[in-house]
Amino acid sequence: MKAARFHGQKDVRIENIEEPVTRSGTVKIAVAWCGICGTDLHEYLEGPIFISAPGHPHPLSQESAPVTMGHEFSGTIEEVGDGVEGLKVGDNVVVEPYFVCNECPPCMAGNYHLCEKMGFIGLAGGGGGLSEKVVVDQRWVHPIGDIPLDEAALIEPLSVAHHAVVRSGAKAGDVALIGGAGPIGLLTAAILKGIGVTTIVSELSVARKEKSLSSGAADYVVDPTTENVKARVLELTDGVGVDVAFECAGVNIVLDTLLDALRPAGVLVNVSIWGHPATVDMQKIVLKEIDLRGTIAYVRDHEETIALVTSGKIDLKPFITGRIALDDLITEGFDTLINHNDTAVKILVHP
């Protein structure tokens, strides 16, 4: 079968490899669509990062580069292994793409997303969604019902957003400020809107500002290059400030702005993965008793996320801005998102 294989920095190849074999407790999925994630781009440009370097296999998958990429994918179950319950051939599904040890203190406490050896399918090994077929443990497979398979490829990043919103404690009637309208920022705004939160998005890019409004994810958009974000937020909140804020850019000035725009006793959730250490003005946190919270991936979020989409509270169609073939992954996928990222939100690959 065809697969996109990471060999090294700026070296991802479309290769023919052996089709994976179904094992006891697993299902084989024919991949329909796989989204290109920012993590995939970082691996391509700077990796290996989450991918294990040659000679240093991941402790759970026992794999190292080259590995098959892709962790945001949907597909249809093609084979079911012995002992699998609740899943059948023909089911349309998405995958929660984890490797976890089930032995460390976080795993034993139910916080499997904080596993000390955690890895992701499509990065740590185990195949990936940028291939024709993948075999996955039944634990990580979630039926999607009637959600179209292309839209379902966004369930994984939407679950990242859902977990961030859960971490924030945001509730209906609150006002939220989202710093950065890349895919995760937009999907975070969509989750917030889906639960009844008023959303303000801060973004520079013309295309992403337009997508924030046209998708319905944002109630208000502020451009920090032409407006004072704090002043605009105070105007929109009767001088109070926002209840919750989400850092989705990995940029220090965005973090500083969010701290300024929060009300006293507000909550700031850092969603982005930073490529460098941040500086934090602790006085801003102390004097307003702000809660600064981290969030990583998802834990028991997929079912609620799927339900939000199934119920119609979130429409994923507007966020899909491109569909390409696997052979065009680099030229029409990676290149577009690296060099023309203001023209695209989510590009899907059909293996």
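Predicted model: local features only at pLDDT ≥ 70, side-chain atom pairs only at ≥ 80, totals over all residues.

Student: In which hand does α4 pass α5?
Tutor: The crossing of α4 past α5 is right-handed.

Student: At roughly what angle do the axes of α4 and α5 cross, and within what distance do they come?
Tutor: Helix α4 covers residues 155-168 and helix α5 covers residues 183-194; their axes cross at roughly 60° and come within 8 Å. The two helices are therefore oblique to each other.

Student: Which residues meet there?
Tutor: From α4, the residues are P157, L158, V160, A161, H162 and V165. Their partners in α5 are I184, L187, T188, I191 and L192.

Student: How does that contact divide into nonpolar, polar and charged residues?
Tutor: In the contact of α4 with α5, nine residues are nonpolar, two are polar and none is charged.

Student: Now another pair. How do the axes of α1 and α11 cross?
Tutor: Helix α1 (residues 38-46) and helix α11 (residues 329-339) have axes that cross at roughly 95° and come within 10 Å. This angle makes α1 roughly perpendicular to α11.

Student: Which residues make the contact?
Tutor: On the α1 side they are D40, L41, Y44 and L45, and on the α11 side I330, F334, L337 and I338. By class, seven are nonpolar, none is polar and one is charged.

Student: Let us step back. How many helices and strands does the chain have?
Tutor: The protein chain has 11 helices and 18 strands. Its radius of gyration is 20 Å, close to the 20 Å that the globule rule gives for 351 residues, so the chain is as compact as a globular protein of that length. The C-alpha trace spans about 60 × 40 × 40 Å along its principal axes.

Student: What domain does UniProt place here?
Tutor: An unreviewed UniProt entry places the feature "domain: Enoyl reductase (ER)" at residues 8-326. Over residues 8-326 the chain is 27% helix and 26% strand, with the end C-alpha atoms 18 Å apart.

How values were computed. Residues numbered from 1 in each chain as written. Heavy atoms only, no water. UniProt positions renumbered as here; feature names shortened; annotations may be inferred. Helix = DSSP H or I, 4+ residues; strand = E, 2+ residues; numbered from the N terminus. Axes fitted to C-alpha atoms, helices over the stretch in contact; angles between N-to-C directions. Parallel < 35°, antiparallel > 145°, perpendicular 65-115°, else oblique. Left-handed = near helix turned anticlockwise from the far one by under 90°. Contact = heavy atoms within 4.5 Å. Nonpolar A, V, L, I, M, F, W, Y, C, P; charged D, E, K, R; others polar. Rg over C-alpha atoms; globule rule 2.2 N^0.38 Å.
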